[in-house]
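Hi everyone, thanks for coming.

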Amino acid sequence: MDEGKKIRVLVAKPGLDGHDRGAKVVARALRDAGMEVIYTGLRQTPEQIVAAAIQEDVDVVAMSILSGAHNYLFPRVMQLLHERGVDDVLVVGGGIIPDEDIPGLKECGIAEVFTPGASTADTVKFIRENIKR
Amino acid sequence: MGWQEIVSRALVRDIRAVSRLISIVEDRRSGFEDAYAAIYPHTGKAHVIGITGPPGSGKSTLVDKIAAEYRRRGKTVGIVAVDPTSPFTGGALLGDRLRMQRHSLDDGVFIRSMGTRGHLGGVARATSGVVDVLDAAGYDYVLIETVGVGQSEVEVASLADTVALVQVPGLGDDIQVIKAGVMEIGDVFVVNKKDRPGVERVVAEIRMALDLAGNVSGRSRAYSGHHGPTGATTGTVDATEVAPWRPPILQTMAESGEGVAEVCDTCDAHMHRLSEDGALVERRFRRARSETMQIASDLIWRGLADDRRALDAAEELAWKVARREMDPYAAGWSLRELIVN
C-alpha cells in the first residue's frame, strides 16, 4: 500500500516573455489544493523543462506562454517527452492562446489549454481527474 | 519497470530510474524496503554536505554555485533541496530549483526538490533515503539544502558529513550567535552577501562564539567522549594528534560566485580531516544509530496505530487522564505495559 503519494506538478514558463504572474497564481492555487509544485521560473527552454520534469518525477507539467510562440514550444516539449520515453505525464498549457490554435495543441498531446478567464478551481479539478498515474 | 530493474538502472545512474527510485523511497511505495536494501551496500561513498541557514540568506544560490565549482573540477553532484510543506493544505511550493536550472541539461548534476511533508527539523523524514539513492547512483557530492532555518532545526547535522552554516549581515546581535542550537552544528561558516554593511561584525561575532567554544566545532566537542564502534577513534583530543577542527569563517557573494571556490576547498579539507582523525567513522555511526532508532520508533508507532486493542486502551486511559483520575505518565506506563506484553 502506497503511503503519502502526492500530486507533483512542474510549473514552467517556456520561451522569452517575462510575464509570470499567471504562472505564479496557478502555482499558488495548486499548492493550496495540496499539491507539490516545483516552480522553475522564466525563460526555460523545452529541453530544460523536460529534464526538470524527469528529475523531479512529476505527474503534471503545466506551462504558461504569453508570447505567441505556443505553436512551436508546446509541441516541442511533447516531442522531447516522447523521445525520452515519458508517456505517463499529464501536460497542460495556459496563457494567451487563440481559440483556433487549441485543437492543434490538443492533437499533439497537450491535454487541456486554459485561457484568460479560466478559474484555478477548474485547473485543479482537471488535474485531479486526469493524472495518468 | 519493477523495482529490481529500477534499482539496477539507478546504480548505473540512469536518470529516469534514479528519479523513480527517489519517488519510491520518498512516498514509501510498496516494495520500497526491498529497493532500499538493494541500494544500501552501494552507499557511503559520496561526500554529503549540508547547507543550512535562515530564509533568504542565499542557500539556493550558494548551492547552485558550489555545484558549478565541483563540476568545473570534474566531479558529479546530486542536490536535495528541501522546502516547507503547508501544515494546513499539505501542499508545497518548491522554489529552490529556480536558481539551479542552468544545471538542468548537465547529466553530471541531479536536482531533486522535496517538501518537508510535516517533518520538523529542517529536512524531510525521507531526506536521508533520497541522499542514499543519490550516493548509490554514484554522485561524488550530495548537497542537502535545508528549509530556511530558525534556531533549532539541526537535523541536517545527523545526515551530512560537513555542515556549512550560512549567515548574512543584519539579523541580530552577538547573543544570537552564542545561543544553543543551529550555531553549534557548523563545520564551516559562510557569511554570504559580504557586500552588505555589517559583514565584519557578523564575522567577529562568529569568531567570538568559536573562541568561547574553545576552538573546537560544536559537534566534535559534544561527542568527544564517545568511542566509535570500531574503536578507530580515541575521542579525547591528544596534543600529539591532529589539532581539533576549528570551523573556518568564509565570506562569499554567492550571486557573483565570489568566495565559492574557497567554500569547496574548505568542505574538502573538512572531509579530509574527518577521514584522517577517525571522526568520519563516528559521524556515520551516529547517523546509522539515529536512523535505526527512528525507524524502530516509526514501526512501533505504526504497529500501535494498527492495534485495535491498544487503541481502545489508549482511549480509555485518555478519558481517565482528562477526568483527572490518572496522570499522563501513569497512563503512558500502563499503555506501554499493554503493548510490550
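Strand E2 of chain A, residues 36-39, runs parallel to E3(B), and 3 bridges join them. Strands here are DSSP runs of at least two residues, helices (H or I) of at least four, numbered from the N terminus, and two strands pair if DSSP finds at least two bridges between them. Within this pairing, Ile38(A) has Leu94(B) as its bridge partner.

A quick word on the source: this is a predicted model, where local features need pLDDT of at least 70 and side-chain atom pairs pLDDT 80 or more, while totals for chains, interfaces and linings use all residues. Residues are numbered from 1 along each chain as written, chains are lettered from A and ligands numbered from 1 in written order, and side-chain values use heavy atoms, without hydrogens or water.

Now, which residue of chain B meets Glu36(A) in a salt bridge? That is Arg117(B), at 2.7 Å, N to O. By salt bridge I mean a side-chain nitrogen of Lys or Arg within 4 Å of a carboxyl oxygen of Asp or Glu.

Glu36(A) counts as buried because its relative accessibility is 0%; buried means under 20%, exposed over 50%, and partly exposed in between, with a 1.4 Å probe and protein chains only. Arg117(B), at 24%, is partly exposed.
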